[in-house]
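Subject: Structure handover

Hi,

Here is the structure I promised to pass on. Please open it first, then read my notes below.

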Amino acid sequence: MTTQEFIALEEAYGAHNYHPLDIVIERAEGVWVYDVEGNRYLDCLSAYSAVNQGHCHPKILQTLKTQAEKVTLTSRAFRNDQLPLFYKALVDFCGNNFDMALPMNSGAEAVETAIKAARKWGYQVKGIPENQAEMIVCANNFHGRTTTIVSFSTEPQYKEGFGPYTPGFKIIPFGDTEALRKAITPQTCAFLTEPIQAEAGILIPPEGYLKTVREICSQNNVLLILDEIQTGLGRTGKRFAFEYDNITPDMIILGKALSGGFYPVSAVVSRKDILGVFHPGDHGSTFGGNPLACAVARTALQVIEEENLVQRSAELGQAFLTKLKTIQSSYIHEIRGRGLLIGIELNTKARPFCEALKQQGLLCKETHDNVIRLAPPLVISESDLNWAFTKLKTVLEEHCG
């Protein structure tokens with residue numbers, strides 16, 4: 001079948017809740033993907049940072065095959081031999097300030113888990129009166145698509161037609177510590193934020209923002225929950241983006257690259273006094289913590305460490321960002337990023353530029369209409385980044401307009 005035949009089939013039978021570029025990917029390896037006509041493209045989106053380790057990483061692939069031949073799913077009605085190993089590997093990866101993890105599947109499920117944990121902690125530990133717990137979130141946030149999560153979104157399209165909305169959330173400007181301080185009340189159980197707002201256009205808060213946020217939350221007995229689903233696991237040049245401010249949150253929410261793109265795996269990592277509020281029957285998931293997911297995720301974490309992907313992201317990302325800032329284009333408003341998470345903000349719509357880049361063999365995607373998001377797999381080589389730079393320079397300086 002041709003590209004147009006596949007597109008026609010999808011348009012006829014699929015719900016129209018996405019607006020993808022018109023490329024039909026058939027296979028992928030490392031940083032390269034191939035369409036059904038055999039054309040090769042450099043992936044600079046990484047499935048929204050889900051394939052930090054590169055497409056079809058051979059070590060993770062072998063783990064998937066080996067475990068799939070043993071047992072894939074037991075549900076949490078029984079124990080399995082992979083879950084304890086995953087718990088330890090994940091907690092060790094996250095550092096000494098964390099005690100335990102709770103695995104789920106999608107990132108949105110992990111966010112919902114964190115919300116439930118924070119509310120229950122608020123009632124059982126902080127002593128907030130029942131059904132009065134409040135959480136503070138930031139404008140322009142993106143934490144998922146469930147009805148509760150879109151209830152505190154500030155993007156009208158994410159909410160329209162999905163009410164009534166879940167109460168209990170206050171929205172403040174991102175990067176504004178004084179707004180956080182003023183929003184806290186005795187009923188506040190947690191502050192949930194992204195260290196860098198990726199979906200909003202790679203928005204980076206002021207220097208020292210999270211350090212002050214940590215101080216405010218500690219002073220007021222408010223949990224600090226950081227959504228590192230897109231920014232964590234090496235994407236920003238640190239294991240976690242919060243490390244730039246040398247702080248420790250109370251909860252980390254992880255997903256995407258936690259499985260290297262092979263399988264839906266997410267998790268909340270925290271302390272015993274927080275996740276310990278859950279008791280049998282309080283929360284669960286049929287697939288969460290299944291042996292196939294756990295085996296894959298352990299190997300995905302090993303690859304990040306063994307291949308020094310955090311350091312690669314830091315070094316290659318800084319060099320790439322510096323080169324990008326040499327592009328002379330009247331369409332560029334600002335270029336910003338950390339590690340290999342970079343946004344090129346334009347003063348016009350970004351979609352035509354992404355389509356032109358596709359024609360040049362480079363895949364990326366617009367976010368919030370006017371930002372080109374660049375997030376290649378962390379295994380990318382310097383030569384491939386240089387190739388990407390030439391394509392970006394060509395399109396931004398010459399081809400669009």
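Rings of Phe, Tyr and Trp (for Trp, its six-membered ring) count as a pair if their centres lie within 6.5 Å. Planes under 30 degrees apart make a pair stacked, and planes over 60 degrees apart make it edge-to-face. Keep that in mind for the cluster below. Please also note that this is a predicted model.

**Aromatic cluster**

Ring pairs link Phe93, Phe240 and Phe242 into a cluster. The structure holds seven aromatic pairs. Take Phe93 and Phe240 to begin with. Their ring centres are 6.0 Å apart and their planes stand at 90 degrees, so this pair is edge-to-face. The pair also links distant parts of the chain. Phe93 is in helix α4 (residues 83–94), while Phe240 is in the loop between β8 (223–227) and β9 (251–254).

Now Phe240 and Phe242. Here the ring centres are 5.4 Å apart and the planes are at 5 degrees, so the pair is stacked.

Phe93 has 4%, so it is buried. Phe240 has 0%, so it is buried. Phe242 has 4% and also counts as buried.

**Overall build**

The protein chain has 14 helices and 15 strands. Its radius of gyration is 21 Å, close to the 21 Å that the globule rule gives for 401 residues, so the chain is as compact as a globular protein of that length. Along the principal axes, the C-alpha atoms fill a box of roughly 60 × 50 × 45 Å.

Of the 401 residues, 54% are buried. Take the contacts between residues at least 6 apart in sequence: 73% of them join residues at least 24 apart. The accessible surface comes to about 17700 Å², and carbon and sulfur atoms account for 49% of that. There are 38 positive and 45 negative charges, and their mean positions are 4 Å apart.

**Leu309**

Leu309 is found in helix α12 (residues 309–324). Its relative accessibility is 0%, so Leu309 counts as buried. What does Leu309 contact, leaving aside its neighbours within four places in sequence? The list is Asn52, Gln53, Val303, Ile304, Leu378 and Val379. Ala28 is 281 residues from Leu309 in sequence, and their C-alpha atoms are 19 Å apart in space.

**Backbone points to check**

Most residues other than glycine have a negative phi, and most peptide bonds are trans.

- Gly163 and Pro164 are joined by a cis peptide bond, with omega about 0 degrees. Pro164 is in the loop between α7 (156–159) and β6 (169–172).
- Asn131 is not a glycine, yet its phi is positive, at about 65 degrees. Asn131 lies in the loop between α5 (107–126) and β5 (134–138). At 66% relative accessibility, Asn131 counts as exposed.
- Asp369 is another residue other than glycine with a positive phi, near 70 degrees. Asp369 is in the loop between β14 (365–367) and β15 (371–374). Its relative accessibility is 51%, so Asp369 counts as exposed.

Best wishes

Key
Residues numbered from 1 in each chain as written. Predicted model: local features only at pLDDT ≥ 70, side-chain atom pairs only at ≥ 80, totals over all residues. Heavy atoms only, no water. Helix = DSSP H or I, 4+ residues; strand = E, 2+ residues; numbered from the N terminus. Rg over C-alpha atoms; globule rule 2.2 N^0.38 Å. Buried < 20%, exposed > 50% of the residue type's maximum accessible area, 1.4 Å probe, protein only. Contact = heavy atoms within 4.5 Å. Areas by Shrake-Rupley, 256 points an atom, 1.4 Å probe, with all protein chains shown as cover. Lys, Arg positive; Asp, Glu negative; His and termini not counted. Charge placed at Lys NZ, Arg CZ, Asp CG, Glu CD.
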